[in-house]
Amino acid sequence: MGKKKNNMANRGVASALATANLPLINLTNLTKDTEPAATPVARSDSEGKSSSGSLKRPGPHDDDADDDDGWQTIERGRPVKKHKKIPTPNSARYPALHFSEKSRLQSKVNLSAFRDLILYLFADGPAPQWISVSQRPEFRKVVAIMVPGLEEAMFEPGVDYSKYQTPTLDQAIKQIGDGSSPDHYYPRPLSKEALPTSLQPFADMFPHLWPVKAPGDDKYGRLHSPLTTMLTAPLNKNKDKSKDKAGPDSHRDIRTRITEFLATPEELMDNGFPVHPALLPEGERRDSFKNPEGWAHTRVSKLEDGDVPESEIQQGSITAGREVLAIDCEMCLTGPGELALTRVSLVSWDGETVLDELVKPEKPITDYVTQYSGITKEMLDPVTTTLSDIQAKLLDLLHPRTILLGHSLDSDLKALQLAHPFIVDTSMLFPHARGPPLKNSLKYLAQRHLSREVQKGGGTINGHDSVEDAKTCLDLVKKKCEKGKAWATGDSQGENLFRRLARSGTAYRATAGPEATGGLPVGKTSAAVEWGDVSRSACNAATVAISCKTDAEVEAGVIRAVKGDPDGLEVPGGGVDFVWARLRELEFVQGWANRHKPNTPPVATVAEETPEVQDVNGDAEKEAVSPLQECLSTLAQRLQRIHAALPPCTLLMVLSGTGDPREMSRLQAMHSQFKKEYNTPGTKWDQLSVKWTTDEEDALRKAVKVARAGVGFLSVK
């Protein structure tokens, strides 16, 4: 009875302390039978902390306070819980991914699902339906690595890489299956004993091999960019749109200045526009900028040079005191895939033609592409105007307050070999319904929004009219300015993945403390470790961009991004939250890479890493292994070293992106050649060098299915 009363008394004292907002002291040992404790003697502040022999109990905020000393801090009548520590692998709190045979998986997982998994873990993405995620708040980092060239057939038992060859279309279709059986789309468990020696490290890192479907269109024989799919986040459809549509006024036309539609420096980079020095940050990089040979840039020192004081802008003007010029160019071929400028047209805001000239390329024209360009040999024979002449005229016409307007202007400016920082592009203002990298054609936009038929000569001897196209762009932008930003945009346009993570990244209590209970919007840091110049791609939006020339540099860059720089000057201390990287040497060995693109290394990149073995006489010699086996072995070792460097609670994601695209590319080139010849007036069927029939059409559909059959791997370190 006495003990019961004593416990009740203890609870009463605790309640009183809590009400008074005072720290709760340990009352466990204070019973009526205990003797009063001696008053502890504490050293003064000048003497530092109390000695180990002192009777003072550590306070709740003391650095040397133990977790189990019985102290608990009370704020506003509520106990303040401490930050949770990183869970151990055997803890129930450790994050994990689980796949069940009873899941609702009914087809191959789309590549976009892996991107959405990243958004679910770190931002505002929906929960995945194809895999179960446990302890989402405990995920510390995500590392996603794309490895083009990986195929499911490489992981078959007993595969001989020295005799490994690309299967025929029918064999490949049989391997990937038609999707009617779960065996075709369920993840395949990885067993180290069943894997080829070169790829056995995969079984140490990943529990399953996932069949993955790359983005594309089987019906029309197209494969979409896996890189763009992974790095473009869809807009959140559940997002509250009240700010954009707040009542009946939201449907009224809102006159908007054209300056509101200027492409940002980031958008220009993402869409491949030529770099103007005014877009670069102030400093050494801008000061040392040099144009590539044959190129020019307009006379704009800095972006602020285009600003117009409000006092100079006429009230209600949608041009905002700027001069607006619409431009369109026509091109011909001077070699395989080599376009050259043959006509340039410039139209003012009032619709007057400012410039319309034919241009003679320096190289001989191999194909006038008359059915599209409208240019013929007879038109260009008397022309003496060169590209440099046109550049000189444009440099006089384009000043800092000039806005250049057009459709897919990046192509026109590349043909002109000219850079200008103030761009309004109708292909960006009116996004495609399925998002990037797809773009609406100017013909479609004119039909849809202007009820106008343009480019009626396309595919015939008349071709396109660059003046007509420039005026069409001008009218589209005028209508956009009259209607407002929300007109004709829909909700289909995506957002750069790195920007989404920085804008709506979410932290949880496990990583950000009690104030993040339930999810706290914070910016997630990111790093892009890529081949070539990262600043010229979508990766330039990452917090840290690391450009590489070899897979060895990519490996070192990933580990650096995960761990961080000691001084934290470039890569934050402790590393970034999300890392994107691409290992490409297997792609080159497989022959999948586009050799016409820059920064493409020779195939023999990995040959220097062939292991040496000792023969019976003790002489070192190269082991007789195929380049493919050697490359796969090197790849597995790289991934193993990256995996070993990852901190606990990190998701590692490895994706091939696509399947083998070579046969698809060959057939697409064949189809393009057929259309070009077939649409040439006067050409007979017997005269065609390439014939396209239903057989070729069926073969292209099969090749696209093969190209869309990728693989993926997931693991939590």
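1. At what angle do helix α14 and helix α15 pack, and how far apart are their axes? Helix α14 (residues 442-449) and helix α15 (residues 466-483) pack at an angle of about 45 degrees, and their axes are 11 Å apart. Helices (H or I, at least four residues) and strands (E, at least two) are DSSP runs, numbered from the N terminus. Axes are lines fitted to C-alpha atoms, for helices over the stretch in contact, and angles run from 0 to 180 degrees between N-to-C directions.

2. The model is predicted: local features need pLDDT of at least 70, side-chain atom pairs count only at pLDDT 80 or more, and totals for chains, interfaces and linings use all residues. Residues are numbered from 1 along each chain as its sequence is written, and side-chain values use heavy atoms, with hydrogens and water left out.

3. The helices α14 and α15 are therefore oblique to each other; angles under 35 degrees count as roughly parallel, over 145 as roughly antiparallel, 65 to 115 as roughly perpendicular and the rest as oblique. In their contact (heavy atoms within 4.5 Å), L442, L445, A446 and H449 of α14 meet D469, T472, C473, L476 and K479 of α15. These residues comprise five nonpolar, two polar and two charged. Here Ala, Val, Leu, Ile, Met, Phe, Trp, Tyr, Cys and Pro count as nonpolar, Asp, Glu, Lys and Arg as charged, and the others, Gly among them, as polar.

4. A second pair is α18 (residues 551-563) with α20, which pack at an angle of about 10 degrees with axes 10 Å apart. That makes α18 roughly parallel to α20. From α18, residues including D551, E555 and K563 take part, and they meet R638, R641, I642 and A645 in α20. The contact of α18 with α20 holds six nonpolar, no polar and five charged residues.

5. How many cavities of 30 Å³ or more does the structure hold? There are two. A cavity is a set of points on a 1 Å grid over the protein atoms alone where a 1.4 Å probe fits but cannot get out, and lining residues have an atom within 4 Å of a point. The largest cavity has a volume of about 60 Å³, a volume being the space filled by probe spheres set on the grid points, which are joined across faces, edges and corners.

6. Ten residues line the largest cavity, and D551, E585, L586, C631 and L635 lie nearest its centre. Helix α20 (627-645) and α19 (585-590) each supply at least two lining residues, with the largest share, four residues, coming from α20. The lining divides into six nonpolar, one polar and three charged residues.

Definitions and conventions
On a 1 Å grid over the protein atoms alone, a cavity is a set of points where a 1.4 Å probe fits but cannot get out, and a pocket is an open set with protein on both sides within 12 Å along at least five of seven lines; lining residues have an atom within 4 Å of a point.
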